[in-house]
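Work through the exercises below with the structure open beside you. Try each task before reading its solution.

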Amino acid sequence: MKNFDETEAIYVRELGIDDIAPVYHLGEGLFTSDLYPYLYRTWDEWEVIGLYNTDPEYCLVAETDGELAGFILGTIITKASWTYGYILWLGVSPKYQRRGVADKLVDKVVARMIEDGARFMLVDTDPTNTSALKFFNRKGFGNIRQHIFLSMNLSKHEYYGRLIDYEHQKAERAGYKRSRPAIRARKADSVANEVVLNPLVNESQITEDKSPTSQKLE
């Protein structure tokens, strides 16, 4: 069932199979490597497909005039004594930002999670995403905790260098094999040719084994 706001004409509904590609591409444009490296590394089409398959009731889209305005993807985590609601992804098209789209999406998914027993909400984002941090603070999220990510350039790793050397040597060996001329067996047009092409058969055997039929052909 769609929720309709007469003043802004924004619908909020569950994610459908036809929304998967548009949602992925919208996120691809929002979570770029130069702006939000962490979000860029973890955002892919399988995020959308996986959550659509496992938690469709917490995957919502906002649209206006048939155009995708934003999306929210969430899940429920159940532990021994707590049930957590977790907002994994929230994205709003630049065209529809500052029009209440994110508010509608968050309010709707939080209400659904409360109905399903969630008593605690989690959300995370790139620490440089200040607009998202301000938004979630305004929605009542707090108690910020930093998570440290470490990285290593594998092109400088010792094993990487050995692997590259091996691949170069493999390519050189393959190139050498391709450069050698192929040896093609010619069709035998005489007994002498047969002797050359089949060195395991000596000339005396060929002479002795001639049949009447083969003699007529000669």
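**Exercise 1. The chain as a whole**

Of the contacts in the protein chain with a separation of 6 or more, what percentage is accounted for by residues 24 or more positions apart?

Solution. The model is a predicted one. Within it, residues 24 or more positions apart make up 59% of the contacts with a separation of 6 or more. Next, take the secondary structure: the protein chain has nine helices and six strands. Finally, take burial: 28% of the 218 residues count as buried.

**Exercise 2. Helices α1 and α3**

Classify the arrangement of α1 and α3, and list the residues that form their contact.

Solution. Step one is the geometry. The axes of α1 (residues 20-30) and α3 (residues 45-54) come within 9 Å and cross at roughly 140 degrees. Step two is the class. An angle has to be over 145 degrees to count as roughly antiparallel, and α1 and α3 are therefore oblique to each other. Step three is the hand, and the crossing of α1 and α3 is right-handed. Step four is the contact: α1 contributes I20, V23 and Y24, while α3 contributes E45, V48, I49 and Y52. Sorted by class, the residues in the contact of α1 with α3 are six nonpolar, no polar and one charged.

**Exercise 3. Helices α4 and α5**

Solution. The hand of the crossing is right-handed. On the α4 side, A102, D103 and V106 meet F135, F136 and R138 of α5. The contact of α4 with α5 consists of four nonpolar, no polar and two charged residues.

**Exercise 4. The nonpolar cores**

Which residues of the largest nonpolar core touch the most other members, and which element gives the most to this core?

Solution. The largest nonpolar core has 23 residues, and I72, L90, V101, L105, V106 and V109 touch the most other members. At least two residues of this core come from each of β3 (59-64), β4 (67-78), β5 (83-92), α4 and α5. The most is given by α4, with seven residues. Now look at L105: leaving out residues up to four places away in sequence, L105 touches V12, L60, V61, A62, G70, F71, I72 and L90. A second, separate core has 17 residues, among them Y24, Y36, V48 and C59.

Methods
Residues are numbered from 1 along each chain as its sequence is written. This is a predicted model: local features need pLDDT of at least 70, side-chain atom pairs count only at pLDDT 80 or more; totals for chains, interfaces and linings use all residues. Side-chain values use heavy atoms; hydrogens and water are left out. A crossing is left-handed if the near helix is turned anticlockwise from the far one by less than a right angle, and right-handed if clockwise. Helices (H or I, at least four residues) and strands (E, at least two) are DSSP runs, numbered from the N terminus. Contact means heavy atoms within 4.5 Å. Ala, Val, Leu, Ile, Met, Phe, Trp, Tyr, Cys and Pro count as nonpolar, Asp, Glu, Lys and Arg as charged, and the others, Gly among them, as polar. A nonpolar core is a set of buried Ala, Val, Leu, Ile, Met, Phe, Trp, Tyr and Cys residues joined through side-chain atoms within 4.5 Å. Buried means under 20% relative accessible area, exposed over 50%, partly exposed in between (1.4 Å probe, protein chains only). Axes are lines fitted to C-alpha atoms, for helices over the stretch in contact, and angles run from 0 to 180 degrees between N-to-C directions. Angles under 35 degrees count as roughly parallel, over 145 as roughly antiparallel, 65 to 115 as roughly perpendicular and the rest as oblique.
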